[in-house]
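Let's take a walk through this one, starting with the overall build and ending at the RNA.

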Amino acid sequence: MQAKKYITTITENSIQSLQEQGIFSAFAVPIILVLKPKEKSFGDYAINVAMEIGKKENRNPMEIAEAIKEQLAKNDDIFNYFDLIEVADPGFINFHLSKQYLWSVGNEALLQKEKFGNLVLGKKQKVQVEFVSANPTGPLTVGNGRGGPYGDVLANVLKRAGYKIEKAYYVNDYGQQILALGHSVLKDNQAKYTGEIIDELNQSLVSKIKDPYELGKEASKYILKNIKNTIEKLNIKYDEWFFESSLYAKKEIDKTISILKDKDLIYSEEGAEWFKARQFGDERDRVLIKSDKSNTYLAADLAYHKYKFEKKKFNKVINVWGADHFGDVAGLKAGVEALGHKGKLEVVLLQFVTVVKDNKPIKMSKRLGTAITMDDLLDELPADVVRFFFLQKSANTHLNFDMNLAKEQSEKNPVFYVQYAYARIASILRSAGSSIKHSKGFKGFALLNHEKELDLLRQIGRLPEIIEETSKDYQVHRLTQYAMELATAFHQFYNECHVLIDDQKLKQARLGLLIATRITLKNTLDLLGVSAPEKM
RNA sequence: GUCCCCGGAGUUCAAUGGAUAGAAUAUGAGCUUGCGGAGCUUACGAUAGAGGUUCGAAUCCUCUCGGGGACACCA
């Protein structure tokens, strides 16, 4: 068991037992928060339940902490994990990992290899992550491209946490914007989009197709190819490209609306058909069929989500959207609930990217063709750098993107710091060559007593926790943070402990540690979708 | 006007209501008998403002100021 999970379990048991003994009154056991102390002398983990209980019971938290600590120590197996548990002001209980536990972490990594860090939390439930889904009316911009690395990594994390994952891109290849695209390519008075790609299409297509809608369809295919190309450069692979037009071909939208009608959730007003979204917590009702008999975007989206939940049988769907779609969340959620799939849809909103050029924010507009595209970025910087750059930021950070700064920082990007650690390890292992004596089941870690060796093992042991936490709160940027901390632990170890030494037993132990580190780094970089180079 | 984000070292970003607010970068000072110096060590440096909640607030509440976004029979 992981040390962190162990703390939660034994603490719960201890508190319950103290309640049974009448030492605490019988309120519900509080949720055990396992904290990570900032100060090293406070140990590896800490819990603050004593202060929570102290507040409820109006008693001194220190006494309560002592009582819990005593109760904890009655567990025989606790010293498999910790060699020191202490109470600290004003009521923390701090846990220090034992060497035995840290050594076992090394074994674990060696044995599990590429599976190290994998969990069974998801119980193979089917989860779809839909991200980017930018309209095929222009190239991928820096703004809507942000969802690419985020959604991709979120899906990777959930997969390792034990879910069955599908990555999807919803292509809006139907309706008004396709018509507008056609007019834009024609450059007539109803044109809406501009930009290089529109100019190209104007040159190549206008002579062949006259009808604006047909032209728009053709243009969108070409643009989608361009987007797919960019997606590929970003090292993202989708499992499904879903086309909005297929919903119309199969009359899925009509079917969806008639289901809602049968449930008496549709009414007519001013020639339009309205969905009673307010019954499901939305602030207003939403139009599904306009008075001109065409349907709204929401109507198609509902049909699409019906497909996700009923045809594809996803237990959960996570949509990663730009913050400009904030206003659509309530409507879609209401509709999904009305269709009988309450609680299965989650929406993550990514805040906008502000592009700064020459110290001035510039208006990003696909319509005006002033947006900086992902391709612009990928022409200047390697995909690893671009991914890492976006992945360092949390979803609700309004990030400032300065092209000049990005270029300037490219060479200093922390991704190289992490990759350098990996290449260094690879280099040492190459030098060690055939002297590596253990392929698996190595038991010689007990020679690792140096502070830096133990610190490195500590970091290795965090990978499963990182995956668990991230699979729950979707804070993907935790992974880049972790990758850097793992690399730092390695670099520090490297600086103080030599691996290729005469003492054969210690040498084998350190080689084992290196291999465990390489496995952990590789798994982390895989999660991030960043390459792990043998040489740099 | 209503709703959602954000405001922090010179700069770009971390920090479940927890302990001395962390990194990177920039700047200053150091480190090589050996496995990759793209590294290591060290110094300097920050929570927009005013109240409140509590053992404890960058974090929660109220107000002010500043920035971004949303409030369609658009997609």
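Predicted model: local features only at pLDDT ≥ 70, side-chain atom pairs only at ≥ 80, totals over all residues.

A residue counts as buried if 20 or more other C-beta atoms lie within 10 Å of its own, exposed if 12 or fewer, and partly exposed in between, with C-beta atoms placed from the backbone. Residues are numbered from 1 along each chain as its sequence is written, while chains are lettered from A and ligands numbered from 1 in the order in which they are written.

Chain A has 20 helices and 15 strands (DSSP runs numbered from the N terminus: H or I of at least four residues for helices, E of at least two for strands). Its C-alpha atoms fill a box of roughly 80 × 60 × 45 Å along the principal axes.

Now look at helix 9, residues 212-233. From first C-alpha to last it reaches 31 Å, close to the 32 Å expected at 1.5 Å a residue (that is, 1.5 Å times one less than the number of residues). Its buried residues include Leu215, Ile223 and Ile231. Just past the helix, Asn235 takes a positive phi of about 65°.

On to RNA strand B, which 70 residues surround (near means a C-beta atom, placed from the backbone, within 6 Å). Among the closest are Ala46, Glu270 and Ser427. Which helix gives the most to this surface? Helix 17 does, with nine residues.
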